[in-house]
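Please look at the structure below before reading on.

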Amino acid sequence: SSCLDCAVSHSHQLLISNITNMISFLLNQDRHTLSDIDPNTTVLDYLREHLQLTGTKEGCASGDCGACTVVVASPTADKKNIEYQSINSCISLLGTLHGKQLITVEHLQEGQQLHPCQQAMVDCHASQCGFCTPGFVMSLFAYDKNHTVADRNEVISALSGNLCRCTGYRPIIDAALKMCESNSIDQFERQQEQTLERLITIEQESEGIAMSGAGRQFFAPGSADQLAELLVEYPQARLVGGGTDLSLELTQMLKSIDVLISTAYVEDMQVISESEQSITIGAAVSYTAAQAVLVSAYPDMHELLDRLGSKQIRNRGTLGGNIGNASPIADIPPVLIALQADLILRKGQRRRTVTVEDFYIGYKKTILQPSEFIEQIVIPKHRDGELLKVYKISKRLDDDISATCAVIKVQREGDIVRTASIAYGGMAEIPKRASYCEQALIGRPWTEESIEQAMCALEQDFKPISDFRASGAYRLAVSKNLLLRYFYETSGVAKDSLRVTHHA
């Protein structure tokens with residue numbers, strides 16, 4: 001037995017030893033290789049402070065304003081093409097650039113000729129003070145790379161993470177629509193084959209990467225096995241997915257993190273698979289990558305996912321990160337709780353399955369043990385007779401945090417409620433099932449009277465607090481009214497007959 005343990009331990013050490021102690025990426029067409037640099041460095045700080053590329057601006061340092069927007073290009077899954085994504089460089093860690101091409105506003109102009117997205121901004125008078133303009137230009141560039149025909153609604157979504165304080169959005173939207181009329185071939189398209197080959201070469205040079213500096217370490221394993229062993233080796237490490245929340249500790253709280261382990265390159269945790277009964281999503285899958293399969297299974301998730309952060313945030317943020325962060329106002333956990341989804345947790349070579357509902361035990365606290373991590377999320381598929389609705393209430397429509405998020409799933413047989421699964425975010429210290437509310441509905445006729453009793457039962461489920469997003473009284477009132485809204489929307493009641501009730 002001891003010999004077997006030694007063999008296993010040796011194989012695990014070999015996994016870790018395969019990690020290369022450097023990162024490599026393309027800055028435009030120039031290869032950068034780094035090893036001795038503080039892993040807490042953000043892409044924005046590297047550009048501005050190390051390279052003096054100051055076209056990219058810092059506005060909020062939290063991923064809200066988009067002034068820091070840059071574009072990263074990486075090979076598609078089949079390695080036959082390149083995909084372009086806009087990201088917030090202010091909250092993106094430098095180590096996550098490995099194997100990618102980084103493009104900033106300085107790289108768009110070719111000689112004396114502006115890129116079509118830049119020229120359109122000029123032609124449409126879409127800039128005044130100019131501080132936000134580089135970020136808008138890069139969001140437009142990413143949109144142009146991913147679309148051949150402009151769609152106004154998609155343009156608005158693409159720009160939802162960019163804040164303009166003086167120009168106004170109409171001329172910027174006009175610029176986006178005009179940009180797509182050019183149909184010109186830029187230098188990135190002409191160099192695409194060469195760029196793709198260079199990026200694939202960088203990917204193949206290592207099975208995982210590391211970086212260290214200033215007494216701190218960064219690891220980006222290439223497999224879940226490597227990740228598991230690194231977490232056993234470094235149980236104090238902070239696990240980072242897209243970094244859209246954790247990076248705020250660096251930029252807003254001015255903390256330092258000694259050991260970071262990223263899931264950005266864990267290939268087997270970026271896989272989505274389906275069976276007749278369920279969808280299994282790797283914990284490192286981004287919101288953008290997961291959106292199509294989730295909306296296909298549950299169409300009512302479309303609006304929630306469109307309003308979850310901005311395009312830049314959705315490109316980076318991961319489902320596993322949103323769950324593991326254990327925020328009471330995270331948007332994904334209430335959905336998964338209502339759908340009765342499971343998490344596959346892993347520590348070393350051991351795995352266990354828990355429900356998302358049981359994963360949370362207190363404010364920012366979960367059942368995760370030291371060195372344990374979320375490997376996969378298993379979501380049951382829609383069953384006949386179920387009606388799922390998702391409601392997000394926030395102060396503004398796009399790129400905002402929920403005051404409350406309600407997810408309601410009811411299954412009926414005729415006019416009788418057979419099952420009810422209702423979960424809320426923002427109503428307690430954790431995302432939580434509304435158990436009393438559910439029991440007030442199960443076995444009862446599907447009538448407005450039953451709904452009103454369920455609305456009253458919510459007072460037993462939640463005692464929401466007041467903060468700068470909403471008062472506790474407002475949260476409770478609107479959460480009750482969302483139940484009534486669900487009743488009307490799923491009962492075929494005409495829109496003009498909708499009414500709102502308020503309960504003290």
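The model is predicted, so local features need pLDDT of at least 70 and side-chain atom pairs count only at pLDDT 80 or more, while totals for linings use all residues. Residues are numbered from 1 along each chain, and side-chain values use heavy atoms, without hydrogens or water.

On a 1 Å grid over the protein atoms alone, a cavity is a set of points where a 1.4 Å probe fits but cannot get out; a pocket is an open set with protein on both sides within 12 Å along at least five of seven lines, and lining residues have an atom within 4 Å of a point. A volume is the space filled by probe spheres set on the points, which are joined across faces, edges and corners.

The second largest pocket holds about 1100 Å³. Its lining has 36 residues, and Ser74, Lys100, Ala264, Tyr265 and Gln270 lie nearest the centre. Elements that each give two or more residues to this lining include strand E3 (69-75) and helix H8 (192-204); helices (H or I, at least four residues) and strands (E, at least two) are DSSP runs, numbered from the N terminus.

Two cavities reach 30 Å³ or more.

| Cavity | Volume | Lining residues include |
|---|---|---|
| Largest | about 50 Å³ | Leu294, Tyr298, Met301 |

Helix H15 (residues 332-338) gives the most to the lining of the largest cavity, namely three residues.
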